[in-house]
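Work through the exercises below with the model open. Each task is followed by its solution.

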Amino acid sequence: MTELTERQTGSLQGTSERRLTAAEFQDLATVPAAVEWFANLANPRTRRAYQGDIEDFCRFVGLHTPEQFRLVTRAHVLAWRSQFEQRGLSGATQRRKLAALTSLFNHLLDSNAVAGGNPVHGVKRPKIESNEGKTPALADHQAKALLEAPDPSTLKGLRDRAIIAVLLYHGLRREEAARLQVDDLQQRRGLQHLRIHGKGGKLRYVPLHPVAAERLHSYLEASGHHHEQDKAPLFRPLRGPKTGAGISAEGIYALVGQYAQAAGIAVVGLGVHGLRATAATNALEHEADIAKVQAWLGHANISTTKLYDRRHARPEDSPTFKVHY
């Protein structure tokens, strides 16, 4: 993608003072489509992953110029996919790589940069290994212990109590929590809501849970920054230079791990996404409608939401506890 960007830049230089040559016109008909696709990937983690995936495909097939995307067929994609298992790639990684290539070709087709159909369509993805997601969910007593882990007598503790409550009561991704601003606390139909900036720039509004509302109020009263401009970050770092930036997604990930350890919660693979799984699982176990949980989490596909539906796999319902001797 770097090569594409450099070629695009070179072609654009000086074009405002003269007409394009036929070669430059053709170059601009193909190159910007891929560049635009890449630039429109809003999530930086997705952008990095997809860039690596497309570069991997180009290396494997031997693509050196944007025009060669027009020559790609399903056979090229199948050959690429066939060596995934030899490389020991997980099913999730394989699916992401094929999704990246699908997304790119869809954009190239929409931009008339390639002709025909999408060569990735019809190429089978590896099946999801299980009907249940691998992300661990906490039990109720563990969630309560995590909620109470931060010290409410300090500003840091008040902030962290609010962050954990926002995560556990609303199922936010860590990037979504880090991106919250003061003006994302909004009144809608007489209730306070969180305005959440989700993947792909999509907005959703989630009613604020009373526990999270109380903790946010206590934190904002202690910090005082809710009296500042509305665009101020909701959760701020408490150490280092005052840059006006909010706490990072990595900072939220680290504090969840620290409080989980302090609370004696030893769950393999627990991270912020585990709190998202906990919120979704708890809501479903208390008879929330799965379609509403899908919208609540900001999932594009309900099949993703179903990975959190563990109502039929609760440990307490296992035949293990029906055995008596």
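**Exercise 1: a helix pair**

Task: Find how helix α3 (residues 44–61) and helix α4 (residues 74–82) pack.

Solution: The two helices pack at an angle of about 105 degrees, and their axes are 10 Å apart. Axes are lines fitted to C-alpha atoms, for helices over the stretch in contact, and angles run from 0 to 180 degrees between N-to-C directions. So α3 is roughly perpendicular to α4 (65 to 115 degrees). Next, list the contact (heavy atoms within 4.5 Å). From α3 come Asp-53, Asp-56, Phe-57, Phe-60 and Val-61; from α4 come His-76, Val-77, Ala-79 and Trp-80.

A note on the source: this is a predicted model, where local features need pLDDT of at least 70, side-chain atom pairs count only at pLDDT 80 or more, and totals for chains, interfaces and linings use all residues. Residues are numbered from 1 along each chain as its sequence is written, and side-chain values use heavy atoms, with hydrogens and water left out.

**Exercise 2: the cores**

Task: Which residues touch the most other members of the largest nonpolar core?

Solution: A nonpolar core is a set of buried (under 20% relative accessible area, 1.4 Å probe, protein chains only) Ala, Val, Leu, Ile, Met, Phe, Trp, Tyr and Cys residues joined through side-chain atoms within 4.5 Å. The largest has 47 residues; Leu-146, Leu-167, Leu-216, Phe-235, Ile-252 and Leu-275 touch the most other members. Helix α7 (155–170) is one of the elements supplying at least two residues. α7 gives the most, eight.

Now take Leu-275. Beyond its neighbours within four places in sequence, Leu-275 contacts Leu-138, Leu-146, Leu-167, Leu-168, Val-256 and Leu-270. A second, separate core has 24 residues, including Trp-80.

Conventions:
Helix = DSSP H or I, 4+ residues; strand = E, 2+ residues; numbered from the N terminus. Parallel < 35°, antiparallel > 145°, perpendicular 65-115°, else oblique. Buried < 20%, exposed > 50% of the residue type's maximum accessible area, 1.4 Å probe, protein only.
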